[in-house]
Amino acid sequence: MAALWASRYGINCRVLDKQAKGIIKGQADGIQARTLEIFESFGFVERVMRECNMSVEMCFWSPDDFTHGGIKRKERVPECKPSSSNYGQVLLHQGRIENFFIDAIKENSGIEVERGVTPDRLHVDSSLVEDQGAYPITVIVQHSSEEDGGLVRETIKTKYLIGTDGAHSWTRAQLGFKMEGEQSDSVWGVIDLIPITDFPDIRQACSIQSASSGSILLIPRERKLVRIYVQLTDIKASDGQEMPRSAITPEIILKAAQKIFQPYTLTWGTIEWWAVYQIGQRVSSKFDLSNRVFLAGDAVHTHSPKAGQGMNVSIQDTYNLGWKVSSVLRGLSPPSILSTYNLERRTVAQELIAFDHRFSRLYCGQPTGPETDGIGVSMEEFKSEFERSLLFASGLSVDYGASALVVKDSASSSFTKTNTTKVTTLARNIKLGMRFPSQQVLNQADARPWQISRFLKSDGRWRIILFAGNILSQAQSLRIRTFCAALDSPTGLIHRYTPKPNPIDAVIEILTIHSSDRQEVELLRDFPEILRPEREGEGWDYEKVFVDDWSYHSGHGRAYEGWGVDKEKGAVVVFRPDGYVGWIGEVEDVHDLENFFGGVLIAQT
């Protein structure tokens, strides 16, 4: 992900992987709604959707009160909160996702994944970290030589280093950062197989609690595969110590699964992959060193894999970080924005650990029943916690705190604050610090309906969404033209932050959404040129002005209603290159808007 951002910004970047080959089987497979939105912004979500298995519903099974030792389906709930996103949860092998990333990187750059490269030494020259022209980081690596089987050493000098090297991170160890948290004695096996069974929900995501044999999380995957997480109740690690994994075999895992599935039978045709893990929740003491060396993913947070968060949160870590580092390297943003990575993502990591702790307790706890005197985990409690956590699990509840990048009230923030009451009134359903939600709109020029998300590409640009309101109102038209004149003046913020001779929308893109009758509005008559800029040899840009109106084939999106924006007066919303909302105001708030951009962008000469 970090390399994909670098490719979009035109940054020279190297990707080093100690593995000789990419992932072929196993590892992560759950892809949540927010991650799919990110894939859409990079242009490869369709490839994922063609190959994946979609998980729509979660079934809850627990002991059957009328049979001894059997299980019964008790509840069904949606896997993703309805109407929260255009996407839900899907399952696809991590190796395929990595291939999609690599292909997307190659579209815009010559960046390659260099495999079989092992790090040996890391040194950061603290006297150079404040010098933006310096290369304060030295990494010595060893390349495996295919010719003679030996090792070739290389010394690399770099401005920034991002370590995404897993739970046993070499980078973290070199920095001396510690993982803080706990590890339980609960042991789980996980196995990918093609099942042969009479269990009726084998192609549904299921949580299965047996009376005394432990629990199962069942995840249907692509190619008829099913992933089964199995609680191994007969195996315990002692005193929070690491469990000897060599003592566990696929046969042990499957025997435990068969016991939990009773009275249903389980055999299998093919076993593709299996592993064993011990539940633990830990967060690194720090996420960066001097805003030069950064850690992300499992290198800074570890947890159980059952909630499908590992790959998703890791991708979103570097989705947050990658554009910031790239923007600084391009000279577009000040280095001060890099400090927001720790501020924003460490908070998410701590929320993740709390979430995982709650879920692990539910999965590992004994279900209530006639023989437990009401002590244990009830199905009602399990279902309630699952539904309550849907937004977090889908990645849609991320809410970044106040900073230079997010102008909102915070009692503990030293950054510029905004009037929360005013912002709430202007756009009731667009939240500062949260991702900008998509709605259906129509292209003003050709009446084609779109989800606006299709135009919110992760290409490194900031975006101003101008809710122009009723553009046919004379008073509203004057407000919009005054706003546009201020932005488009020679000293206005659009020209101020755009390096010449780049197109006017190279750094900040303005997308307009109005609420008037589309058939009464004329693109070239009613909208200033800055909202539909002209390019030499290409004419006007016809994909920047949209309308909230009826579609011949898709009905009315009622986008203004969905966003909670006044259809007459409109509003102005700014979001960052990663799609999170940083500023909300009115068209008269140009001075405040300029102050915001003054804190996150560097004026270009």
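The structure holds two cavities of 30 Å³ or more, a cavity being a set of points, on a 1 Å grid over the protein atoms alone, where a 1.4 Å probe fits but cannot get out. This is a predicted model, in which local features need pLDDT of at least 70 and side-chain atom pairs count only at pLDDT 80 or more, while totals for chains, interfaces and linings use all residues. Residues are numbered from 1 along each chain as its sequence is written, and side-chain values use heavy atoms, with hydrogens and water left out.

Next, select Ile494, Ile504, Asp505, Ile508, Glu509, Ile510, Ile530, Pro533 and Lys544, which line the second largest cavity, where about 50 Å³ of space lies. Strand β23 (residues 508–514) gives the most to this lining, with three residues; strands are DSSP runs of E of at least two residues, numbered from the N terminus.

Then move to Asp192 in strand β12 (residues 179–197), which counts as buried (under 20% relative accessible area, with a 1.4 Å probe and protein chains only) because its relative accessibility is 0%. Its side chain makes polar contacts, here pairs of N or O atoms within 3.5 Å, one able to donate a hydrogen and the other to accept it, with the side chains of Arg221 at 2.5 Å and Arg227 at 2.7 Å.

Methods
Helix = DSSP H or I, 4+ residues; strand = E, 2+ residues; numbered from the N terminus. Buried < 20%, exposed > 50% of the residue type's maximum accessible area, 1.4 Å probe, protein only. 1 Å grid on protein atoms, 1.4 Å probe; cavity = no way out; pocket = protein on both sides within 12 Å on 5 of 7 lines; lining within 4 Å. Points joined across faces, edges and corners; volume = space filled by probe spheres on them.
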